[in-house]
Amino acid sequence: MKSIYLIAALLFVSNIFAQNNLPKNEFGLNLYNNEYEFGTVANKSALKHFTLTGLQYKRNLNNTYLLRFLFNNKNESYSESYADWIVAGGTFYSSGIIKTQDYKIGIERVFGSKKMKPFAFVDIGYRYFNNKGVNAIINNQSPASNNFDLTNHYLNYALGFGVKYYPTNHIYLSAETCIGYHRQIFDGSLNPNYVELFNPINTFVFGVRF
């Protein structure tokens, strides 16, 4: 009986030791991502590309689940012109800078225990959106221009999957894709704006574990 107790104690201690050696934290730099939004009127649907947009932190709850926090900051400039459908020969012109900030929290489920690990996740978050620029009408009859500064706030969610690769125990690369939507808030409207999204590469990350 004493031998059984001794073996059980050794197994318990070795298990605790192994768990303590498992890195509990992951910290990554988002090297690249792209996104595609549907259903917007002000912004044409297009695949947009971004580099070095943000950071992510993940807390290893156990061997299977991680708590994830993500932050992204994106700036994009645009300049568009098209024909004035009222005055022949006239032109509408619009230019500006769009700034977005995303704050997300979620749960990640990892599959497997090898160097290459697939995973699935669900995120909820908040997006700050600011579009600042100028609209102009250029023609010979009544040229005019006006500056604008529009801010919107969104709640969002995303579902996705990805894969991680650990060349060493303390370094990893990961890539993930997701779908979801943004719901406009704080706008005082009875019909808030909904924007569906598809990010073929939601994040491509270089990270460290510690």
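**View 1. The largest cavity holds about 90 Å³ of space.** The model shown here is predicted, with local features requiring a pLDDT of at least 70 and side-chain atom pairs counted only at pLDDT 80 or more, while totals for chains, interfaces and linings use all residues. Residues are numbered from 1 along each chain as its sequence is written, and side-chain values use heavy atoms, with hydrogens and water left out. A cavity is a set of points, on a 1 Å grid over the protein atoms alone, where a 1.4 Å probe fits but cannot get out, and its volume is the space filled by probe spheres set on the points, which are joined across faces, edges and corners. By this rule, there are three cavities of 30 Å³ or more.

**View 2. The lining of the largest cavity includes Asn33, Asp102, Arg127 and His182.** Lining residues have an atom within 4 Å of a grid point, and Glu35, Lys74, Leu197 and Asn202 are also among them. The lining divides into one nonpolar, five polar and six charged residues, where Asp, Glu, Lys and Arg count as charged, Ala, Val, Leu, Ile, Met, Phe, Trp, Tyr, Cys and Pro as nonpolar, and the others, Gly among them, as polar. At least two lining residues come from each of strand 1 (25-38), strand 3 (65-83), strand 4 (91-110) and strand 8 (194-209), strands being DSSP runs of E with at least two residues, numbered from the N terminus.

**View 3. Eight strands form a closed barrel in the order 1-2-3-4-5-6-7-8, with antiparallel pairing.** The twist from one strand to the next averages 25°, taken between axes that are lines fitted to C-alpha atoms, with angles running from 0 to 180 degrees between N-to-C directions. Two strands pair if DSSP finds at least two bridges between them; strand 2 (residues 47-60) and strand 3, which run antiparallel, are joined by seven bridges. Lys58 has Arg68, in strand 3, as its bridge partner.

**View 4. Thr203 lies in strand 8.** Thr203 has a relative accessible area of 2% and is therefore buried, a term that means under 20%, with exposed meaning over 50% and partly exposed in between (1.4 Å probe, protein chains only). Beyond its neighbours within four places in sequence, Thr203 is in contact with residues including Asn30, Tyr32, Gln56, Leu70 and Ser174, contact meaning heavy atoms within 4.5 Å.

**View 5. Pro118 belongs to strand 5 (residues 116-138).** Pro118 counts as partly exposed, because its relative accessibility is 40%. Although Pro118 and Gly162 are 44 residues apart in sequence, they are 5.7 Å apart in space, C-alpha to C-alpha.

Terms used
On a 1 Å grid over the protein atoms alone, a cavity is a set of points where a 1.4 Å probe fits but cannot get out, and a pocket is an open set with protein on both sides within 12 Å along at least five of seven lines; lining residues have an atom within 4 Å of a point. Helices (H or I, at least four residues) and strands (E, at least two) are DSSP runs, numbered from the N terminus.
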